[in-house]
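Grab the viewer and work through these exercises on a pocket and its ligand. Try each task before you read the solution.

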Amino acid sequence: MKKISASFLSSKNIPVDLTKLNDTDVDFIHVDIMDGKFVKNKTMPFSEMKNIYKYTSKRLEVHLMVENPSKYIPLYAELNTECIMFHVEVEEDILKDLELIKSFSIKCGLVINPDTKVNELIPYLPYLDQVLVMSVYPGEGGQEFIPETENKIKELKELIKSYNLNILIDVDGGICDSILDKVEDADILTAGYYIISSDNYQEKITSLR
Ligand code: DX5
Ligand code: ZN
């Protein structure tokens, strides 16, 4: 059975939506962080974002869409965080940042954009607990799933197998019940708009498992 992570990026009322999600069996809350540089949009500063602990007791998966993960890792490691993931496309020293995450005894992951080849992940595979495959261009919620992601997930699965590693595959963007045949090899599905825009969160979450 797949695990489900809920993104609240499209939420118009975060306290209310997180409270509603807390009453479901969703596995993780997916926290999207944008710096206005790596992607155009910007999310609220950590001083405000850290207050989400008031509304959820779920473990957090942190998705850093930022140029400098090293500035954000120590902050988000403070929360009830299961995993911190940042983009393989960043200019920072990736191994150093992965080690920084590990130093907080938190799972680490890399995120791969639609136009980036899975081979870019090879040097880091032995250090990874998780890979987040973007199935939309990062930056906003509510976009449509890019169909080519299906092959990319298969390629990644083969690559991980060929190295005999145990790395979870998480897919993020445009996830809904009509594209499930394209994400069969994923271990975790991250969904935002599909859940948040509905009036029955649990029903939508169950439909993705
Ligand atoms: C996109 C974000 C996603 C997104 C998922 O840049 O990383 O987490 O909000 O939401 P939906 O399911 O609306 O595409
Ligand atoms: Zn995300």
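**Exercise 1. Find which helices and strands line the largest pocket, then describe the lining.**

Step 1: β2, β3, β8 (188-191) and α6 (193-196) each give at least two residues to the lining of the largest pocket. Helices (H or I, at least four residues) and strands (E, at least two) are DSSP runs, numbered from the N terminus.

Before going on: this is a predicted model, where local features need pLDDT of at least 70 and side-chain atom pairs pLDDT 80 or more, while totals for chains, interfaces and linings use all residues. Residues count from 1 along each chain as written, chains are lettered from A and ligands numbered from 1 in written order, and side-chain values use heavy atoms, without hydrogens and water.

Step 2: The lining has 28 residues, with Gly141, Gly142, Gln143, Gly173 and Gly174 nearest the centre of the pocket.

Step 3: Sort them by class and you get 13 nonpolar, 11 polar and 4 charged; Gly counts as polar here.

**Exercise 2. Work out what sits in that pocket and what touches it.**

Step 1: Ligand 1 takes up the space of the largest pocket. β2 (28-34) and β3 (59-65) are the elements that give two or more residues to its shell.

Step 2: Count the shell: 18 residues surround ligand 1, Asp32 and Gly139 being among the closest.

Step 3: Look for polar contacts (N or O pairs within 3.5 Å). A backbone N or O atom of Gly139 is 2.8 Å from an oxygen atom of ligand 1.

Conventions. A residue is near a molecule or strand if one of its heavy atoms lies within 4 Å of it. A polar contact is a pair of N or O atoms within 3.5 Å; within protein, one must be able to donate a hydrogen and the other to accept it, and residues adjacent in sequence count only if both atoms are side-chain atoms. On a 1 Å grid over the protein atoms alone, a cavity is a set of points where a 1.4 Å probe fits but cannot get out, and a pocket is an open set with protein on both sides within 12 Å along at least five of seven lines; lining residues have an atom within 4 Å of a point. A molecule sits in a cavity or pocket if more than half of its atoms lie within 2 Å of its grid points.
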